[in-house]
Amino acid sequence: MSKFPADQIKTIGIYTSGGDAPGMNAAIRSAARIALYHGLDVRGIVGGYPGMLSGEFVPITQGSMGNILQRGGTILKTGRSPEFHQADARAKAAANLRAAGIDALVCIGGDGSFAGARLLHQEHRVPIVGVPGTIDNDVFGTDFTIGFDTAVNIALEAIDRIRDTAASHDRLFIVEVMGRDSGFIAVDVGVAGGAEEIFFPENAVTVDEAIDHIRRGMARGKKSSILIAAEGRKPGRAYDLAEAIRKKSGFEAKVCILGHVQRGGSPTAADRILASRLGAAAVDALRRGECDCLAGVKGGQVVTVPFEQALGKKKTVGRELIELARMLSY
Ligand code: ADP
């Protein structure tokens with residue numbers, strides 16, 4: 001966490017970056033409205049770092065934040081910029097911000113976006129506070145990220161539907177959910193949806209164990225099963241699992257890859273409230289002269305966590321939930 005003279009801030013820039021997540025609009029709205037409430041000017045940076053590099057800045061008013069709270073995606077657009085990994089690109093971004101009179105930033109995104117923000121702060125003293133927005137819930141330092149709850153609920157609704165057809169046809173289904181390096185979505189959906197097995201990076205379930213599990217269920221008279229797989233680095237992993245299960249056991253599994261449907265749609269109440277709290281907390285931190293940190297929730301309380309303590313650390317699914325899922329489906 002760094003300190004800076006808060007009275008130097010007259011204009012705040014807000015941007016969304018990396019993968020979009022439902023609730024990002026609610027975070028933009030909250031950060032903007034709290035800043036405006038305190039008499040600050042607000043600019044939107046269109047498209048994340050690419051927009052910072054091309055100088056695409058738009059004024060934000062109370063009115064322009066109307067009717068966006070319930071909308072998925074991000075009205076500011078989001079993007080990725082390989083260029084931003086280069087110091088000269090970050091120098092250009094800092095110059096563009098200065099020229100536009102933007103004194104401080106609220107960055108809504110994930111780990112990658114925060115890494116870029118941190119460098120911009122270290123190299124050019126731009127005060128920045130991060131707001132964790134990603135469906136994966138994989139940002140260390142906060143219990144929840146914006147978009148995670150919506151993604152879990154969308155996946156759960158799909159799984160409930162799949163269970164109807166699985167039960168009617170006595171079928172085995174493997175449902176692939178999002179989750180790059182972590183199994184937060186997979187485990188929550190697995191527990192809430194009553195899955196028989198959950199495959200995700202922190203859970204070392206083998207194909208043999210899954211087959212034993214299915215056989216145990218069949219011996220009890222169970223005719224359909226649902227297995228959940230986190231996509232991992234390479235989407236389509238569920239097909240490899242289905243093939244491995246077929247080869248070893250002869251069981252034919254149907255595969256359903258939920259993919260990007262989990263990222264769209266109207267945010268849940270929980271995500272809207274989280275986004276509203278964290279957007280406001282980011283602006284409050286800047287007004288206290290705090291930066292180089294993220295606004296998160298810990299044990300239900302809003303906190304600020306220095307980027308130094310949060311970035312590069314792996315947040316993992318709690319053992320208690322993993323063990324519960326195992327026992328409930330035994
Ligand atoms: P997320 O924020 O969802 O984790 P990414 O990892 O794709 O998304 O990062 C979004 C953008 O942040 C990248 O396209 C890049 O412009 C910037 N970025 C990511 N990592 C770094 C880094 N180490 N240094 C500078 N910029 C970075």
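Does Asp-292 count as buried or exposed, and at what relative accessibility?

1. Asp-292 counts as buried, at 4% relative accessibility, where buried means under 20% relative accessible area, exposed over 50% and partly exposed in between, computed with a 1.4 Å probe on protein chains only. This is a predicted model, in which local features need pLDDT of at least 70 and side-chain atom pairs count only at pLDDT 80 or more, while totals for chains, interfaces and linings use all residues. Residues are numbered from 1 along each chain as its sequence is written, and side-chain values use heavy atoms, with hydrogens and water left out.

2. Asp-292 is placed in the loop between strand S11 (290–291) and strand S12 (293–298); helices (H or I, at least four residues) and strands (E, at least two) are DSSP runs, numbered from the N terminus.

3. Asn-67, also not a glycine, has a positive phi of about 65°, and it lies in the loop between strand S4 (57–60) and helix H3 (87–99). Asn-67 is exposed, with a relative accessible area of 58%, whereas Asp-292 is buried. As background, most residues other than glycine have a negative phi.

4. Helix H4 (residues 111–124) has 14 residues and reaches 20 Å from its first C-alpha to its last, close to the expected 20 Å, the expected span being 1.5 Å times one less than the number of residues. The buried residues of H4 include Phe-114, Ala-117, Leu-120 and His-121. An α-helix has 3.6 residues a turn, so residues three or four places apart point the same way. After H4 comes Arg-125, with a positive phi near 60°.

5. Turning to the whole chain, the secondary structure comprises eleven helices and 13 strands. The C-alpha trace spans about 70 × 35 × 35 Å along its principal axes.

6. Buried residues make up 55% of the 330 residues in the chain. Of the contacts between residues at least 6 apart in sequence, 76% join residues at least 24 apart, a contact being heavy atoms within 4.5 Å.
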